[in-house]
Amino acid sequence: MLNYDIVIVGGGPAGLAAAISAKKHGVERILVLERDKELGGILNQCIHNGFGLHTFKEELTGPEYAGRFVDQLLEAKIEYKLNTMVLHISEDKVITAMNREEGILEIQAKAVILAMGCRERSRGALNIPGYRPAGIYSAGTAQRLVNMEGYLPGREVVILGSGDIGLIMARRMTLEGAKVKVVAELLPYSGGLKRNIVQCLNDFDIPLKLSHTVVDIKGKERVEGVTLAQVDENRRPIPGTEEFYSCDTLLLSCGLIPENELSRELGVEMSPVTSGPLVNESLETNIEGVFACGNVLHVHDLVDFVSQEAEAAGKHAAEYVLEGKKAVGREIPIIATDGVRYTVPKTINPMRMEEEHVIRFRVGDVYKNCYVSVYFGTERIIHRKRPIVAPGEMEQVVLKKAQLLEYASIDTITVKLEME
């Protein structure tokens, strides 16, 4: 059996940043396990710019951003294994993995960091009527085909879902010579960043139809066209609103799901809202010594935030390995309510937190001229005006340790939206 202090599952942006951070904080024996043939994760196929503005204070493409972290990993001489699939993690932190060269591996870790990222919601989860012809792709698959394999999936395209990958692929397919007819979105608002709507749709005159969905797919061998219909407030198609678009390709951009099969098998407690682990202020799950960060925890909109979160996870995992579990203080639950869907973390221990701690959250709808409020018990501590908040953009509030220690007797922290 191999022995390491920290084993990180996933060699994408979260795994790389966590490994580098753990090394900086004094842990020597670190191993990164990556199932793909190279490090960098999904960033390798994200050749558009817009990455790194927070982390490096300059605009980079996805591969450039990943490359910076890969260089740091190599410089720090951190071990990694490629083409290695993790099959199982036991509660006493024994990782079973396999690759072609070494066969089945058993690795004993003192701490584990989960950084497996997320996957796309498949067509099967969407229940679209019609045949299953060629020409239906998830937006991420199409992105890989165009950017890495050099294939153009189709010439006339309809995109269902206005998540960031769908918006970016509308622009990408247009630049490659395809005609994007329309982007349809089931919800009355887009799930993507505002800048992507402007840069990827408006700049290329691609229409966005909100409160619309695909109700039929025409074609047996290959997609020949799709029928869109408007939906009511219950997301049911409204008869008489159908519109037919001829196309040879349908791209699905209908959300991302954290990749947590290993976490569930391990017994990690999961959030029903994010489908990711519930963690404390140290990004530690309910299994002692198992940490989670990045899109496996909750889906982020900016990779810079993934890196920040992963650095914190690496630091806390290193502290756990070097100092053991800090049992001091008590866990205060954070309650998300009134428009706030969830918070990360779910609990906070003032004795273990840094001087300041960022609470990240998403809202459940578009709200204008509202206030983000934080209550310690029944007392309102933060009341910050926001002209607009939307589900596509992650929000955050900063809690101060000194403030929390002043309120020694509080039993809950509540994050909510208020209209006044």
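Contact here means heavy atoms within 4.5 Å. Helices (H or I, at least four residues) and strands (E, at least two) are DSSP runs, numbered from the N terminus. Welcome to this predicted model, where local features need pLDDT of at least 70, side-chain atom pairs count only at pLDDT 80 or more, and totals for chains, interfaces and linings use all residues. Residues are numbered from 1 along each chain as its sequence is written, and side-chain values use heavy atoms, leaving out hydrogens and water.

Let's start inside. Buried means under 20% relative accessible area, exposed over 50%, and partly exposed in between (1.4 Å probe, protein chains only). A nonpolar core is a set of buried Ala, Val, Leu, Ile, Met, Phe, Trp, Tyr and Cys residues joined through side-chain atoms within 4.5 Å.

| Core | Size | Residues include |
|---|---|---|
| Largest core | 68 residues | I6, I8, I89, I95, L114 |
| Second, separate core | 21 residues | I332, F376, V389, V415 |

Leaving aside residues up to four places away in sequence, I6 touches several residues, among them V27, I30, I113 and V321.

Next comes helix α5 (residues 194-201), where N196, I197, C200 and L201 are buried. These residues lie on the same side of α5 because they cover an arc of only 105 degrees around the axis, taken from the directions from the helix axis to the C-beta atoms. Their cover includes α4 (164-175), β10 (179-185) and β11 (208-210).

Finally, look at strand β4 (residues 85-89), which holds L87. With 37% relative accessibility, L87 counts as partly exposed.
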